[in-house]
Amino acid sequence: MKHSLDADFEKSYVGGPVIRMQNCAALTGKGITVLFGISGSGKTTILRCIAGLERPDSGHIRFGGEVWSDAARNVFLPARLRSIGLVPQEYGLFPHLTVFGNVSYGLVKMIAAERRQRVAELLEWLGLEGFKNRFPCELSGGQQQRVALARALASRPRLLLLDEPLSALDNPTRVRLRRELRGLLLTARIPAIIVTHDRQEAAALGDEIMVMHDGCMIQHGPVNEVFSKPVSHGVADILAVETILPGEILANNDGIAVVRVNGISLQALAGSLPPMTKDVFVCIRAEDVSLSSPGENAASPRNRLSAMVTGIVREGPLVRIGLDCGFSLTALLTPQASEELDLVDGCRVTALIKAPRIHLIPR
Amino acid sequence: MTWNPDDWQIVGFTVWMAVLGTLVILPPGIALAWLLARRNWCGKTLVETTVSLPLVMPPVVTGLVLLKLFGRRGPLGRWLWESFGIEVVFTWKAVVIALAVMSLPMLVRAARSAIEDVNPLFEQQARTLGAGELRVFFTITLPLARRGVMAGVVLAFARALGEFGATIMIAGNIPGKTTTLSVAIYNLVQLGQDDRAWMFAAVCVVLAFVSVAASERLSRPRKS
Amino acid sequence: MKTFVRYATIALCLLAARLLAAEEITVFAAASLTEALTEIGKDYEKSTGDKMRFNFAASNMLARQIEAGAPADVFFSADETQMDGLAAKGLIVKDSRKAVLGNTLVIVTAPDGPSIAKEEDLAREFIRRIMLGDPKAVPVGVYAKQHLEALGLWTTLQPKIIPAESVRAALAGVESGNAEAGIVYKTDAAISKKVKIALEIPASKGPVIRYPVALVAGCGHAEAAKKFLASLYRNEAREVFLRRGFTLLTSKE
């Protein structure tokens with residue numbers, strides 16, 4: 001397919017781990033794929049291999065039917081022939097060139113008038129009119145990021161690669177640009193691979209997600225699916241699912257499983273668990289935990305647990321509540337909700353969790 | 001103790017030879033610096049060491065080697081004479097060669113350092129934007145390494161101005177033809193004309209001072 | 001055993017006495033005297049036990065060094081001018097000065113080089129470079145310039161002249177093939193196998209060459225140096241000079 005990336009390669013450095021990307025046939029559309037994992041999991045290496053800045057030790061990389069690298073046949077297409085746009089972590093703007101110089105760098109094949117026009121187009125689209133003659137050191141972080149993006153998009157690449165595009169920005173800018181970036185990328189209609197270690201960024205930006213751990217890709221699929229159904233403890237951990245606890249399946253009826261965690265029984269969907277599974281990890285995201293005043297019974301969630309508040313922490317626009325209901329649980333609420341329930345340390349509440357929101361992983 | 005027109009000739013000749021010598025080593029020197037900074041290859045250590053030798057060896061030894069190479073009966077000298085009728089030893093060409101060889105290591109070392117200081121990520125970024133190696137070098141590497149390279153050029157020039165040992169070996173000391181400032185001073189001392197020797201020495205000091213000051217200024221990081 | 005120890009001690013004492021009494025004489029001499037004086041010096045050391053130290057270089061360079069305070073005991077110059085210079089500054093012992101040797105100028109070329117019948121041939125095309133000692137101060141060069149000027153050839157030949165630091169440097173230039181011809185002393189041409197004498201300039205036609213020798217004023221080993229000077233006029237030394245190609249000046253000259 002025109003925009004499909006078919007990659008299966010390995011790359012290692014002396015004294016370092018082996019970075020592996022297996023059987024990845026991603027980007028079957030013009031969407032955004034997120035390469036997700038903690039620092040050091042090999043994401044940047046993979047990006048650099050796809051960009052053509054590193055040569056894989058074995059395996060192949062093909063894009064849109066073109067062979068970019070094939071170790072077995074000693075084929076390697078250098079970066080400059082791959083028609084990609086790279087936005088590296090610190091933006092890599094050329095300090096000795098103006099914004100115009102930076103953005104037009106890849107446009108040598110155009111005549112001067114065309115080049116000027118294209119740059120003007122891009123700068124306008126990204127809200128950077130009037131910045132043409134500024135130098136990178138005179139720009140703010142957000143502006144630099146947009147210039148880097150403009151530069152990457154200028155020559156209409158076939159694939160965009162972004163390495164931690166928002167990590168160098170302060171929090172408010174990051175949150176604001178998160179939405180903008182996705183919009184920009186989709187409008188540009190160029191497939192993109194974004195590397196990030198930020199869960200929220202991954203959730204906000206990506207259509208597809210590939211989770212990396214220890215140099216290997218351990219799960220990939222649509223974002224929502226992967227987030228709600230991590231395939232292993234490791235993935236769940238990386239995705240920062242807040243509650244992961246060992247449990248035992250007591251019964252499995254009609255796809256609804258009864259799991260015991262620390263003496264408490266919960267109902268969850270058995271889902272795709274292999275039959276006869278007994279030992280599992282129980283995963284509950286804080287977003288999926290609702291709270292109500294103790295004693296209220298009329299609500300649909302099957303799991304109603306009596307809990308005591310152990311801690312209340314403000315987290316951005318939300319509030320994170322630590323709970324003890326026989327096991328440790330976290331809930332994420334709005335500040336108003338928290339106020340309405342009069343939550344203080346030590347007070348009792350009822351935690352409600354819908355059965356389908358509890359995810360089970362075989363142990 | 002007056003300064004006469006012949007004396008100006010010596011100063012002018014020395015400066016002009018130093019300029020020529022520096023120009024001659026500029027392309028190969030920077031190319032070599034880039035190769036040493038950005039590439040690894042078989043025999044790299046050997047090349048590195050050989051290039052640095054004139055810095056450490058006694059200049060007369062370098063001069064001796066050049067004499068053997070470019071003398072009438074030497075491999076290069078004979079080839080140049082037989083194929084092109086060009087004589088090197090005892091001419092201004094020998095002066096240029098001596099200056100070039102002695103100041104090459106200064107240029108290569110400074111330029112290499114400057115190029116190594118350029119973040120390779122910029123060069124890689126340029127490659128993703130479609131630039132070939134030459135374009136990356138001239139539009140990214142060199143401009144970003146500009147100050148260090150310039151400092152190296154000035155230092156090489158200063159070294160060339162003061163060169164003596166190798167010069168006197170292969171260019172001799174022919175008045176009006178190959179006499180440089182330092183050779184003139186040596187000569188004057190041998191003739192017992194110390195006063196005039198001091199005059200020339202003063203000129204040398206001034207030239208050296210200006211060159212080194214310029215080099216220091218250039219290699220200081222720009223205040224942002 | 002006791003006798004052995006006794007004799008050994010006496011021998012050692014004599015040796016020590018001899019060593020302690022042995023002086024070191026420093027001679028600054030013209031480059032052209034290198035082989036002759038080295039030979040004479042070795043013989044002298046053997047016979048007297050004094051140590052000889054030689055510094056061979058162009059006479060003008062040596063004179064500069066003595067002026068600057070170099071620790072020479074004897075100065076053996078290749079021309080009177082350099083000696084005069086030192087005398088004018090009171091740096092030599094006037095009474096000890098004597099002109100000892102003469103020499104002959106020759107034109108040398110490479111063994112397979114062109115033949116030169118007369119000095120005018122030097123102006124011909126096949127001679128592109130002529131090496132001389134620096135005609136401004138090195139004695140052999142000064143002599144050569146004198147001679148060429150006397151023949152009216154100096155201005156014509158000047159563009160071809162390559163000045164060298166000493167007579168040996170001039171010789172080396174011709175040996176290496178970097179110059180087609182050179183003017184050196186006959187004594188120098190004799191020691192080199194890589195040049196041939198193309199033309200000898202007889203004493204009658206050439207410049208007057210005189211090698212004066214003198215004690216350096218205020219030198220450290222005056223007595224020993226005086227002894228050495230005296231030995232230069234004796235037969236053993238004179239025989240060496242003659243053999244090497246120098247001419248001996250009579251004591252009146």
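The contact between chain B and chain C takes twelve residues from chain B and eleven residues from chain C, where two residues are in contact if their C-beta atoms, placed from the backbone, lie within 7 Å. On the side of chain B that touches chain C there are five nonpolar, five polar and two charged residues. Here Ala, Val, Leu, Ile, Met, Phe, Trp, Tyr, Cys and Pro count as nonpolar, Asp, Glu, Lys and Arg as charged, and the others, Gly among them, as polar.

This is a predicted model, in which local features need pLDDT of at least 70 and side-chain atom pairs count only at pLDDT 80 or more, while totals for chains, interfaces and linings use all residues. Residues are numbered from 1 along each chain as its sequence is written, and chains are lettered from A and ligands numbered from 1 in the order in which they are written.

Two packed helices are described by the angle between their axes and the distance between the axes. Helix α9 (residues 181-191) of chain B packs with helix α3 (residues 59-67) of chain C at an angle of about 75°, and their axes are 8 Å apart. Therefore α9(B) is roughly perpendicular to α3(C). Angles under 35 degrees count as roughly parallel, over 145 as roughly antiparallel, 65 to 115 as roughly perpendicular and the rest as oblique. Axes are lines fitted to C-alpha atoms, for helices over the stretch in contact, and angles run from 0 to 180 degrees between N-to-C directions. Helices (H or I, at least four residues) and strands (E, at least two) are DSSP runs, numbered from the N terminus. B:Val189, B:Gln190 and B:Leu191 in α9(B) meet C:Asn60, C:Met61 and C:Arg64 in α3(C).

Chain B also touches chain A: 14 residues of chain B are in contact with 14 residues of chain A. On this side of chain B, α6 (120-128) and α7 (133-162) are the elements that give two or more residues. Helix α6(B) gives the most, with seven residues.

Within chain A, five strands form an open antiparallel sheet in the order β14-β13-β12-β15-β21. Two strands pair if DSSP finds at least two bridges between them. At the edges are β14 (264-269) and β21 (359-362) of chain A, each pairing on one side only. Strand β15 (residues 279-284) of chain A pairs with β21(A) in the antiparallel sense over four bridges. The bridge partner of A:Phe281 in β21(A) is A:Ile361.
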